[in-house]
Amino acid sequence: MTELRVSDLTVTYDQKTILDVPHASFECGRIYGIIGPSGSGKSTLLRVINLLTQPASGHLHFFGVDVHLPSLSHREGLSLQRQMGFVPQKPSMFHSSVFDNVAQGLRYRKLPRETIRIRVEDALEKVDLTHAANQMANTLSGGEMQRIALARAMVYEPVLLLLDEPTASLDPSNVAIFERVIQSIHAMHKTTILMVTHNLAQAKRLTHACLFVHKGRILEASDTEPFFHSPETQEVQDFMAGRMIY
Ligand SMILES: Nc1ncnc2c1ncn2[C@@H]1O[C@H](COP(=O)(O)OP(=O)(O)O)[C@@H](O)[C@H]1O
Ligand SMILES: [Mg+2]
């Protein structure tokens, strides 16, 4: 089936289970919001899916490919990882120009030079950074770096895009650009997108469905409309009302 699914997932640090997800599935081509208090395991869930954190147990079903995560080989992992784009909460820039930062992933994939130029220019235009192509990436503002990270992740047209609080530290104009780009990526490529966000209005604007993570468990998962208007659990109701104790 063409979907993303995790099952029997547990992540343990120092004998403490910080993520316990018996089952979670994401339909191809939808945008999902991942919501929940700090320290609940949201980033860990994204990192497991991006194969950056190896869980104690768990299977990943990646759009038709099934892998047992604890025994996944580096080579097998790499071929899946290359189909995903990941924008971490605080992206770091390569010590090179904006253009080269965005081109890097395509060079790894050994695409023709001209194809790389066209794709990078297109990605830079989308994130509104054409004018900065030759500037050193680490001289840009935080908001601009976040947009480069997004350009870097989308330029190779991943089937899955993972975004970890991408707009948490951005001013409103950068947030608006970011949201517009996400919508246009989705409209053009029907990319499946998982986005951790603390911004509930943003989740309402962008997502089709939401998951609520609390103490390492997914307490609630539903389409965005019912998620916000008729949450089932007390925890989600409290979180929406600003009563959630951290
Ligand atoms: N590498 C690690 N070593 C030990 N504990 C970790 C590690 N990474 C995350 N944790 C712990 O796991 C829990 C979930 O973290 P995280 O997934 O970053 O939460 P969130 O993104 O929801 O804020 C937290 O209690 C955090 O301290
Ligand atoms: Mg986090």
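Predicted model: local features only at pLDDT ≥ 70, side-chain atom pairs only at ≥ 80, totals over all residues.

Visitor: Which UniProt domain annotation covers residues 4-240?

Guide: Over that stretch, residues 4-240, the chain is 39% helix and 27% strand, with the end C-alpha atoms 27 Å apart. Helices (H or I, at least four residues) and strands (E, at least two) are DSSP runs, numbered from the N terminus. UniProt positions are given in the numbering used here, feature names are shortened, and annotations may be inferred rather than shown by experiment. The label comes from an unreviewed entry and reads "domain: ABC transporter".

Visitor: How many disulfides does a search of the whole structure find?

Guide: A disulfide here is a pair of cysteine sulfur atoms within 2.5 Å. The sulfur of Cys28 has its closest cysteine partner in Cys210, 18 Å off, so that is too far for a bond. The whole-structure count is zero.

Visitor: Is Cys210 buried or exposed?

Guide: The scale runs on relative accessible area: buried is under 20%, exposed is over 50%, and partly exposed is in between (1.4 Å probe, protein chains only). Cys28 comes out at 42%, so Cys28 is partly exposed. Cys210 has a relative accessible area of 0%, so Cys210 is buried.

Visitor: Which helix supplies the largest share of the lining of the largest pocket?

Guide: On a 1 Å grid over the protein atoms alone, a pocket is an open set of points with protein on both sides within 12 Å along at least five of seven lines, whereas a cavity is a set where a 1.4 Å probe fits but cannot get out; lining residues have an atom within 4 Å of a point. The largest pocket has 20 lining residues, with Phe86, Phe94, Tyr108, Arg152 and Tyr156 nearest its centre. Helix 2 (74-81), strand 6 (84-87), helix 3 (98-108) and helix 5 (142-154) each supply at least two of the lining residues. The largest share, four residues, belongs to helix 3.

Visitor: What is the volume of the largest pocket?

Guide: Its lining divides into 11 nonpolar, six polar and three charged residues. Nonpolar covers Ala, Val, Leu, Ile, Met, Phe, Trp, Tyr, Cys and Pro, charged covers Asp, Glu, Lys and Arg, and polar the others, Gly among them. Grid points are joined across faces, edges and corners, and a volume is the space filled by probe spheres set on the points. For the largest pocket that gives about 570 Å³.

Visitor: And what is the volume of the second largest pocket?

Guide: Among the 13 residues lining the second largest pocket, Leu51, Leu72, Ser73, His74 and Gly77 lie nearest its centre. Helix 2 gives the most to that lining, four residues, and the lining splits into seven nonpolar, six polar and no charged. The volume of the second largest pocket is about 190 Å³.

Visitor: Leu51 turned up there. What is the phi of Leu51?

Guide: Most residues other than glycine have a negative phi. Leu51 is found in the loop between helix 1 and strand 4, and its relative accessible area is 18%, so Leu51 is buried. Leu51 isn't a glycine, yet its phi is positive, about 65°.

Visitor: How many aromatic pairs does the search find, and why is the pair of Phe212 and Phe239 edge-to-face?

Guide: Rings of Phe, Tyr and Trp (its six-membered ring) pair if their centres lie within 6.5 Å; planes under 30 degrees apart count as stacked, over 60 as edge-to-face and the rest as tilted. The search finds four aromatic pairs. Phe212 and Phe239 have ring centres 5.1 Å apart and planes at 65°, so the pair is edge-to-face. Phe212 sits in strand 9 (residues 209-214) and Phe239 in helix 9 (residues 234-240), so the pair ties together parts 27 residues apart in sequence.

Notes:
Residues numbered from 1 in each chain as written. Chains lettered and ligands numbered in written order. Heavy atoms only, no water.
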